[in-house]
Amino acid sequence: MASAGTLAAPVKVVADSRRSMGGWVWAVPPVAALAVVFLYPLFLVVQQSLQPDTGGTSLKPYADVFASSAFREALGTTVWLAVGSTVGCLVLGFVLALVIAFVPFPGGKAVAKFIDVFLSFPSFLITLALLFVYGQVGMANGLWTDVTGAATGPFQFLATPWGVLLAEITYFTPFVMRPLLAAFSQVDTAQLEVASSLGARPVRIVRQVILPEARPALAAGGALVLVMCLNEFGIVLFTGAKGVTTLPMLVYGKAILESDYPGACVVAVVNVLVSVGLYGVYRVVSRRVDA
């Protein structure tokens, strides 16, 4: 007569097989949805980038786009704006989150809740607000001309790359603050009190106690801001900055204004590769910093 252990082995194999089959069944719908919604349109963009207007399949669209000075300038502008905005958001977001989380002041909880609401604002709304304040005919320039009698005001930076940088830092900083505030809420205040009682200065407490707890949140927020800045379109468009052309703006110009769809797809493919590449570099660097 077969032992219980001998009979249990085939039963366990069958159960494991059914469990694995059930896992595959549940995995098929999201994978299929991802393929239809994202992968197939991306495949069509890549396919169109390899089909010049003359017909056939070739790398001529890539050669034409890479040879243009407009593309090289747009690539450089996109990268430095994204990196600069990310650094600015990390620094400003960290300081503001520190103040909200650890400095008691009236309305602190209301400010923290407003951060959640701010995340739902469209990017062009913040840009329009900056235009009302610092635009050529905005409040700041209007006040200056009223007081001094000058023909124009001194605030003209919104029409430059620095205006785009300011708008992106203003809009994306809460995306860094939100995970930081969540991380700071987990910090044991007893550690801060002990460090303070031992004579540690605030800067040292931040560096040795708070910053290690904040690094994962900084990495998550910074990675999100970097990717979003690389693909930002509304802020650049609404600032009306002269000579500031990013890769998304170049895609818009080639597709809508020039009807150069292969060229627009080439720029779009490059934009995706740059986004994924810089995101990967950021994640590697953040892991080494955390280690």
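The reply below begins with the charged pairs and then turns to helices and individual positions.

A: The model is predicted: local features require a pLDDT of at least 70, side-chain atom pairs count only at pLDDT 80 or more, and totals for chains, interfaces and linings use all residues. Residues are numbered from 1 along each chain as its sequence is written, and side-chain values use heavy atoms, with hydrogens and water left out.

Side chains of opposite charge can pair when their charged atoms come close. With a salt bridge taken as a side-chain nitrogen of Lys or Arg within 4 Å of a carboxyl oxygen of Asp or Glu, the structure contains 3 salt bridges.

One of these links the side chains of K60 and D64, with an N to O distance of 2.7 Å. Both partners belong to helix 2 (residues 60-67), and because they are 4 residues apart, about one helical turn separates them. Helices here are DSSP runs of H or I with at least four residues, strands are E runs of at least two, and both are numbered from the N terminus. An α-helix has 3.6 residues a turn, so residues three or four places apart point the same way. The relative accessibility of K60 is 44%, which makes K60 partly exposed; D64, at 42%, is also partly exposed. In these terms, buried means under 20% relative accessible area, exposed means over 50%, and partly exposed lies in between (1.4 Å probe, protein chains only).

The remaining pairs involve K254. A salt bridge joins K254 to E258, where the closest N and O atoms lie 4.0 Å apart. K254 also forms a salt bridge with D260, and there the closest N and O atoms are 3.8 Å apart. Through shared partners, these salt bridges unite K254, E258 and D260 in one network. The accessibilities of its members can be listed in turn: K254 is buried at 13%, E258 is exposed at 54%, and D260 is partly exposed at 23%.

S259 occupies the loop between helix 11 (247-257) and helix 12 (261-290). Its phi is near 55°, a positive value in a residue other than glycine. Most residues other than glycine have a negative phi, and most peptide bonds are trans. With a relative accessible area of 43%, S259 is partly exposed.

Helix 7 is mostly covered, with 17 of its 24 residues buried.

The axis of helix 7 comes within 6 Å of that of helix 3 (residues 69-102), and the two cross at roughly 45°. Helix 3 is therefore oblique to helix 7. The crossing of these two helices is right-handed.

Two further positions complete the account. A159 lies in the loop between helix 6 (139-148) and helix 7 and is partly exposed at 33% relative accessibility. A159 and V269 are 110 residues apart in sequence, and their C-alpha atoms are 28 Å apart. Q208 belongs to helix 9 (residues 202-230) and is partly exposed, with a relative accessible area of 45%. From Q208 to A195 the sequence separation is 13 residues and the C-alpha to C-alpha distance is 9.7 Å.

How values were computed: Axes fitted to C-alpha atoms, helices over the stretch in contact; angles between N-to-C directions. Parallel < 35°, antiparallel > 145°, perpendicular 65-115°, else oblique. Left-handed = near helix turned anticlockwise from the far one by under 90°.
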